[in-house]
Amino acid sequence: METLAIVEFVFDMLLSSSLLFVAYKTLTCKDLFQAIVFFIVFGLLISVAWGRLGAYDVAMAEVVIGAGLTGALLLSALVKLKKMNID
């Protein structure tokens, strides 16, 4: 039982560290495409965190809306922005 608690603690520390790292990279990244990818990864990681907290419905909404829909909209906006700069 003690080993399971240690494994869960280590996983939670890795998850929270990854969230902070990805959030920092999202905000400081110079390339827009990379920033969007980091944003999508952040949405997926935060959904895992919601799942760890037992809020499974919030986790599913975060995956669908936060990572999926918003990521697709941001990538679409980036493509349109690049087309506008070319023309």
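How many residues does α3 have, and what distance does α3 reach from its first C-alpha to its last? In this predicted model, α3 has 31 residues and reaches 43 Å between those two atoms, close to the 45 Å expected at 1.5 Å a residue. A bend of about 30° is found in α3 at E62. As for burial along this helix, the buried residues of α3 are A59, G66, A67, G71 and L78.

Two packed helices are described by the angle between their axes and the distance between the axes. For helix α2 (residues 32-52) and helix α3 (residues 56-86), the axes come within 8 Å and cross at roughly 175°. Angles over 145 degrees count as roughly antiparallel, and α2 and α3 are therefore roughly antiparallel to each other. The residues that make up the contact of α2 with α3 comprise 17 nonpolar, six polar and one charged.

A second theme is the pairing of charges. Side chains of opposite charge can pair when their charged atoms come close. The model has a count of one salt bridge, and the partners are R52 and D12, whose closest N and O atoms are 2.8 Å apart. This pair links distant parts of the chain, with R52 in helix α2 and D12 in helix α1 (residues 2-28), 40 residues apart. Are these two partners buried, exposed or in between? The relative accessible area of R52 is 37%, and R52 is partly exposed. D12 also counts as partly exposed, at 28% relative accessibility.

S18 is found in helix α1, and with a relative accessible area of 30% S18 is partly exposed. Between the C-alpha atoms of S18 and I46 the separation is 9.8 Å, and these residues lie 28 residues apart along the chain. L32, for its part, has its place in helix α2. The relative accessible area of L32 is 47%; because buried means under 20% and exposed over 50%, L32 is classed as partly exposed. From L32 to A49 the distance in space is 25 Å, C-alpha to C-alpha, for two residues that are 17 residues apart in sequence.

Definitions and conventions. Residues are numbered from 1 along each chain as its sequence is written. This is a predicted model: local features need pLDDT of at least 70, side-chain atom pairs count only at pLDDT 80 or more; totals for chains, interfaces and linings use all residues. Side-chain values use heavy atoms; hydrogens and water are left out. Axes are lines fitted to C-alpha atoms, for helices over the stretch in contact, and angles run from 0 to 180 degrees between N-to-C directions. Helices (H or I, at least four residues) and strands (E, at least two) are DSSP runs, numbered from the N terminus. Angles under 35 degrees count as roughly parallel, over 145 as roughly antiparallel, 65 to 115 as roughly perpendicular and the rest as oblique. Ala, Val, Leu, Ile, Met, Phe, Trp, Tyr, Cys and Pro count as nonpolar, Asp, Glu, Lys and Arg as charged, and the others, Gly among them, as polar. A salt bridge is a side-chain nitrogen of Lys or Arg within 4 Å of a carboxyl oxygen of Asp or Glu. Buried means under 20% relative accessible area, exposed over 50%, partly exposed in between (1.4 Å probe, protein chains only). The expected span of a helix is 1.5 Å times one less than its number of residues. The bend at a residue is the angle between axes fitted to the seven residues ending there and the seven starting there.
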